[in-house]
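Please brief me on this protein model. I want the helices, the core, the surface and the charged pairs.

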Amino acid sequence: MSISHAPPGPSEPDTSRLSKKGGSPQDPDAPGPAAHAAPELEPIVPASTRRARVPRWLRRTSGPLLLLALWQLLSSTGVLTPDVLASPGTIARVGRDLITDGSLPGAMGVSLQRVAVGLLLGTLVGTGLALVSGLFRIGEDLVDASVQMLRTVPFVGLIPLFIIWFGIGETPKVAIITLGVSFPLYLNVYAGIRGVDSQLIEAGESLGLSRWGLVRHVILPGALPGAMTGLRYSLGIAWLALVFAEQINADAGIGFLMVQARDFLRTDVIVVCLIVYAFLGLFADFVVRTLERLLLQWRPTFTGR
């Protein structure tokens, strides 16, 4: 006689789901002990959201404001005497007087004109040489070695030679700025051209682009980030070259005011001129960074966290 084994009925417990330890049935849908013991976690707030509570402009200006407060404190306690460095209040008053009588605006106009002419000529010279040297091997052989030698010569050391060549007028001043601007632009534009991926060149050639089409659509856009970096460096050197250029028998400009202040031991006027140089350089850098955002929208970059 055969005995059939029927499946357990609804009243009989299913022993196939008994646990090994306690033998109690395990319901897969029932919450386990770990679910009851897990603590409630707070939502994670990104670090960028936490930092956003403090405005960025306040973080950027906190350093200069603290430096200004320290300067005023040292001047008030007598650590910094007026003959060594004037107090911020005195410098603000002197700056207002120079603006009122028209001395500072006139000097700024002359200095800006010199920087603009020197920057324009330096940009043309540096970019032109970089294109010749970067796009053509024969151009590199003829140009690069000479430029590399000249850039190691301090352009300030050429001032006596420029005075002999061009006299003491505006020409040597503009020539010094032009020379200082040319080399950073040359190096960065040349590096940008030679840094273009060769696979992009091959892709352009496979699409039927001519040599000029490759230069226009592939090489120059690829070298544009380097050109913007070189322009930022060149602007900084342009203001540095202006300081030296306006020491050459200048009768106008910010450097002329500094020379007069040095002769009369006016540290307050000297500091006002230095502050003007700093703000003009900061404004020029802001203009270049704005150009970068407009011209390099196709290149997403890391902006910090």
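Ile-254 touches Ala-107, Met-108, Ser-111, Glu-246, Cys-273, Val-276, Tyr-277 and Leu-280, once neighbours within four places in sequence are set aside. Contact here means heavy atoms within 4.5 Å. The model is predicted: local features need pLDDT of at least 70, side-chain atom pairs count only at pLDDT 80 or more, and totals for chains, interfaces and linings use all residues. Residues are numbered from 1 along each chain as its sequence is written, and side-chain values use heavy atoms, with hydrogens and water left out.

**Core**

- Ile-254, Ile-176 and Trp-239 touch the most other members of the largest nonpolar core, which holds 52 residues.
- At least two residues of this core come from each of H4, H5, H6, helix H7 (159-166), H8, H10, H11 and H12.
- H10 gives the most to this core, with 12 residues.
- A nonpolar core is a set of buried Ala, Val, Leu, Ile, Met, Phe, Trp, Tyr and Cys residues joined through side-chain atoms within 4.5 Å.
- Buried means under 20% relative accessible area, exposed means over 50%, and partly exposed lies in between (1.4 Å probe, protein chains only).

**Overall build**

- The protein chain has 12 helices and zero strands.
- Helices (H or I, at least four residues) and strands (E, at least two) are DSSP runs, numbered from the N terminus.
- Of the 305 residues in the protein chain, 30% are buried.
- Take the contacts in the protein chain between residues at least 6 apart in sequence: 69% of them join residues at least 24 apart.
- The protein chain has an accessible surface of about 20500 Å², and carbon and sulfur atoms account for 66% of it.
- Accessible areas come from the Shrake-Rupley method with a 1.4 Å probe; for residues, only the protein chains shown count as cover.

**Helix H5**

- H5 covers residues 103-135, and its 33 residues should span 48 Å at 1.5 Å a residue.
- The end C-alpha atoms of H5 are 48 Å apart, which agrees.
- The expected span is 1.5 Å times one less than the number of residues in the helix.
- Buried residues of H5 include Leu-104, Ala-107, Ser-111, Arg-114, Gly-118, Gly-122 and Gly-126.
- Their cover includes helix H4 (88-100), helix H6 (137-151), helix H8 (170-194), helix H10 (211-245), helix H11 (254-263) and helix H12 (267-295).
- Ala-116 also sits in H5.
- Ala-116 is partly exposed, with a relative accessible area of 45%.
- Ala-116 and Val-174 are 58 residues apart along the chain, and their C-alpha atoms are separated by 9.2 Å.

**Helix H8**

- H8 is mostly covered, with 18 of its 25 residues buried.
- At 1.5 Å a residue, H8 should span 36 Å; its end C-alpha atoms are 36 Å apart, which agrees.

**Helix H12**

- Thr-267 lies in helix H12.
- Thr-267 counts as buried because its relative accessibility is 17%.
- Beyond neighbours within four places in sequence, Thr-267 is in contact with Pro-82, Asp-83, Val-84, Leu-85 and Ala-86.
- Phe-286 counts as partly exposed, at 48% relative accessibility.

**Salt bridges**

- Side chains of opposite charge can pair when their charged atoms come close.
- A salt bridge is a side-chain nitrogen of Lys or Arg within 4 Å of a carboxyl oxygen of Asp or Glu.
- The whole structure holds six salt bridges.
- One of them joins Arg-114 and Glu-170, with the closest N and O atoms 2.8 Å apart.
- Arg-114 lies in H5 and Glu-170 in H8, so this pair ties together parts that are 56 residues apart in sequence.
- Arg-114 is buried, with a relative accessible area of 3%, whereas Glu-170 is partly exposed at 39%.
- A network of salt bridges links Arg-114, Glu-170 and Glu-246.
- Asp-285 pairs with Arg-232 in a salt bridge, the closest N and O atoms being 2.9 Å apart.
- Asp-285 lies in H12 and Arg-232 in H10, so the pair ties together parts that are 53 residues apart in sequence.
- Arg-232 is partly exposed, with a relative accessible area of 33%.
- Arg-262 and Asp-263 meet through their side chains in a salt bridge (3.6 Å, N to O).
- Asp-263 is exposed, with a relative accessible area of 51%.
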